[in-house]
Amino acid sequence: MNPTIKLRNEHLARTVIKGLASRNIEGHYAATKEEALQKALSLIGEGSSVTMGGCASAREIGLVDALKQGRYTFIDRDAFEDARAAMLAAYDADVYLSSANALTEDGVIVNIDGNSNRVSAIAQGPRRVLFIIGMNKVCPDVESAIKRARNVAAPINAARFGKATPCVTTGACANCKAPDTICCNLLITRYSKHPGRMSAILVNDSLGF
C-alpha cells in the first residue's frame, strides 16, 4: 500500500476509534495483518469458543487457521452437516467473529445479510462480538455506508456464493426481490447496549469485500 495512503488511514482510524468508543464499542488499530492477528488472539483469549459466518477478513489475517491450531474451540460451520445447527451453535459461543460491509467515520457499523444468521448473531446471542475491519470499508456517513454495502459488498458476495441476482451481472444493486438475494436484512449497529460485548480491530489494509 502507498505510504501516504497508510498514513491517511492511520489518522482516520483514530477518528473512527473515538466514534466507536462513543457507541460503547471498543476500538483497536493494527498497522498490519500480523498485528491484527495477534491483537485478535489476545482479545479472544485461550479456551474460548469461537465461531463466525463467512468472514473473509478473519481468514485473510490468518485468524481462522490460528484458532484451529491453538487452544480454542473453533465451531466450524463448514464441518456441520446441518446448516441450521451450525447457525444455532453460534448463539452460545463466547466470541462471534464478523467483519463489516461498511463502517462510518463516527463508528456506525453496517451489515447486510441473506440468511441473516450473521446480523442476528451480531445483534444478540454470542457473549462477545469481534469485528475485523479493513480501512477500505470506512465511509463518511450512514448513507454512504449503506450504499457501499448494497453496491460494493453485496454484488461481490453474491458472485462469490454463486447467486443468481441482477447485481452479479451488472455489478450494482437493482433493489431486487430475486429468490437468491442476499440483501434480506440490514443491520445498523449504532450503539452496543452491553459494555465489553463488542470490539473492533481496524486494520490498515484492504480486507474482505
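Is R127 buried, exposed or partly exposed, and what is its relative accessibility? At 47% relative accessibility, R127 counts as partly exposed, where buried means under 20% relative accessible area, exposed over 50% and partly exposed in between, with a 1.4 Å probe and protein chains only.

The structure is a predicted model, in which local features need pLDDT of at least 70 and side-chain atom pairs count only at pLDDT 80 or more, while totals for chains, interfaces and linings use all residues. Residues are numbered from 1 along each chain as its sequence is written, and side-chain values use heavy atoms, with hydrogens and water left out.

**Salt bridges**

The count of salt bridges comes to 7, a salt bridge being a side-chain nitrogen of Lys or Arg within 4 Å of a carboxyl oxygen of Asp or Glu. Three of these pairs are set out below.

| Pair | N to O distance |
|---|---|
| R127 and D92 | 3.3 Å |
| R127 and D94 | 3.7 Å |
| R118 and D113 | 3.8 Å |

D92, D94 and R127 are linked in a network of salt bridges; within it, D92 is exposed, with a relative accessible area of 54%, whereas D94 is partly exposed at 23%. By contrast, R118 and D113 are both buried.

**Sheet and helix**

An open sheet is formed by 6 strands in the order β1-β10-β7-β4-β2-β3, with parallel pairing. Because β1 (26-30) and β3 (73-74) stand at the edges with a single partner strand each, one side of each is left without a neighbour in the sheet. Strands pair if DSSP finds at least two bridges between them, and helices (H or I, at least four residues) and strands (E, at least two) are DSSP runs numbered from the N terminus. Strand β2 (residues 49-52) is joined to β3 by 2 bridges, the two running parallel, and V50 has F74 in β3 as its bridge partner.

Helix α1 (residues 3-21) lies across β1 and β10 (198-203) and runs at about 165° to β1; axes are lines fitted to C-alpha atoms, for helices over the stretch in contact, and angles run from 0 to 180 degrees between N-to-C directions.

**A buried loop residue**

T165 is placed in the loop between α7 (142-160) and α8 (166-170), and T165 is buried, with a relative accessible area of 7%. Leaving aside neighbours within four places in sequence, T165 is in contact with A158, A178, D180 and T181, contact meaning heavy atoms within 4.5 Å.
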